[in-house]
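Thanks for coming. Please look at the sequence and the model on the screen while I talk.

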Amino acid sequence: MAKITAGVTTSHVPAIAAAIDLKKQEQPYWQPIFKGYEFSKKWMAEHKPDVVILIYNDHASAFDATIFPTFAIGCADEFLPADEGWGRRPVPKLKGHPDLACHIAQHMILNEFDMTVVNSMDVDHGLTVPMNLLFGDLGPDEEWPCRVIPFPINVVQYPPPTGKRCYDMGNALRKAIEAYPEDLKVVVFGTGGMSHQLQGTRAGLINKEWDTKFLNGLTADPKALTRIPHSEYVRETGSEGIEMVMWLAMRGALNEDVTETYRFYHVPCSNTALGHIILENK
Amino acid sequence: MADPKLSKYLDEFEDIPGTLIFNTYRSRQGFNLNQFCMSLMKEENRKAFRANEAEYLKQWNLTDAQRDAVLNRDWTGMMREGGNIYFLAKLFSTDGHSFQHVAAIMTGSTQEEYAKMMLEGGRNPKGNRSKSNPSL
C-alpha cells in the first residue's frame, strides 16, 4: 500500500530560481535563505520518498487565459521546466508517475472530487523552486531522486477554492494514495505563500504576526484555519497570500496528529515572507 | 441582478486599498491582453515583438487603452484593463525586469526605496487593511 509519511510546505518565490540559476547562493542577501533549507535537504536525503505529490499553482505557464482548472493533476510520463519569458530553467526534467497519478485522478473523481486530468504540461517556478530547495541545485543533465506528480490548484483567478475545500481535497488525496496497491513512500508538498502582494500601491505587504499564527495553526489546529475567508487572506497577507490555501491542501492529506520536524521563516525574499515547515505523520 | 451573497464576497475585496482582484469578470476584460502576454513565452515571438511592438500588437485585438498601456509599460494601466500580474510577468521578463522592479513602479517608489522597505520587514499592514476604516 502506498503511504504518506510527511508533508512539506514552502514558498516558491521566482527570484529564488533566478538566484540559483545565476549562482548567487553565497551572496549576503541570499545566503540566509539557502541556509534555512540546509536541514531540510539533509532530512529529505534521509527520508527518501519514492514519489512527491507537489501541490502548487501554475502562474500562467501551463494554462493560459483560456482555462483555469480549479484542481488538476499531471498524469504525463515527464514534465519540462516552462519557459516563463527567459528560457527554460537549467534543472532536470521531472519524471512523473503516470500509473499512480491516473489512479489518484480516478479515485478522487469517484470520491466526488472532480479533478482535471492533464496529459501534457510544462511546470513553472511554482514547482521547480520547491524541488531545488528540498533536493538541491541539480543541473539539466542530472536526475531528481524521486518521481513527481504535479498537482496545480488555481489561485490566480478568483475565486480560488476555499481553504476548507482544499483541506477536504487533501483528505480525498490521502484516501486515493492509501488505496494504491504498490508499496510507495509519498511526501506531499503544499507550496506558495506566505504574506506577499505583487501588485498595486499596496505591493510589499508583509504580516509576520498573521503568518506566525498560520504556521502555529498548521501543526496544532488546521481545521480552525480552514474557516479563514478569502477576504482575510487578502486583507491580512496581500493579494498573493491567498496561495496559503494550498498549504491546507497538503495538511488535509496528513494525519490530524503530526510532529513539526522543522520550521523556517524569513523576510524578505524579494517581495515575499518566505515560510517553510516539515510535518511528519505520527 | 447580482446574487447578494456573491456581491458581498466580491465587495469585501473592493474595500481593500491598493489591490485589484483578478476575478472572472476581469479575466473576461483582459483576455486578449493576457493572451498577448502568453505569446511572449516563445523566443520567436519575443523577437518579433521587440522588432516592432506596435505592429506585433495588431494581431491581438487589444482595446486602445490596453495597447497604449502596453506600449507605455503602464503596469497599473494594464492591471486596470484586465491584465493579471502573472501574465504581465511574461512582458516584464521579456524586458529583462523582475517582479520587484514592477512592484516598485506600481507603488510609485524607486526600486531602491522599495527594496529598502522590504529589507526593513516590508509594508506594515496597519493602515493598509480597509478603505472604509483606515485606522485598522
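I will go through chain B as a whole and then turn to the aromatic rings.

First, the ground rules. This is a predicted model, so local features need pLDDT of at least 70 and side-chain atom pairs count only at pLDDT 80 or more, while totals for chains, interfaces and linings use all residues. Residues are numbered from 1 along each chain as its sequence is written, chains are lettered from A and ligands numbered from 1 in the order in which they are written, and side-chain values use heavy atoms, with hydrogens and water left out.

Chain B, then. It has 10 helices and 0 strands; helices here are DSSP runs of H or I with at least four residues, strands are runs of E with at least two, and both are numbered from the N terminus. Along the principal axes, the C-alpha atoms of chain B fill a box of roughly 50 × 45 × 20 Å.

Chain B has 136 residues, and 46% of them count as buried. Buried means under 20% relative accessible area, exposed means over 50%, and partly exposed lies in between, with a 1.4 Å probe and protein chains only. The accessible surface of chain B is about 7100 Å², with 52% of it belonging to carbon and sulfur atoms; the areas come from the Shrake-Rupley method with a 1.4 Å probe, and for residues only the protein chains shown count as cover.

Now the rings. How many aromatic pairs does a search of the whole structure find? Over all chains, 19. Rings of Phe, Tyr and Trp (its six-membered ring) pair if their centres lie within 6.5 Å; planes under 30 degrees apart count as stacked, over 60 as edge-to-face and the rest as tilted.

One of the pairs is Tyr29(A) with Trp30(A), edge-to-face at 5.1 Å centre to centre and 70° between the planes. Tyr29(A) is partly exposed at a relative accessible area of 29%, whereas Trp30(A) is buried at 8%.

In chain B, Tyr86(B) and Phe99(B) form an edge-to-face pair, with 6.2 Å centre to centre and 65° between the planes. This pair links distant parts of the chain: Tyr86(B) sits in helix 8 (residues 85-94) and Phe99(B) in helix 9 (residues 99-107), 13 residues apart. Tyr86(B) counts as buried at 6% relative accessibility, and Phe99(B) counts as buried at 13%.

Last, back to chain A. Ring pairs there link Trp210(A), Phe214(A), Tyr233(A) and Trp247(A) into a cluster.
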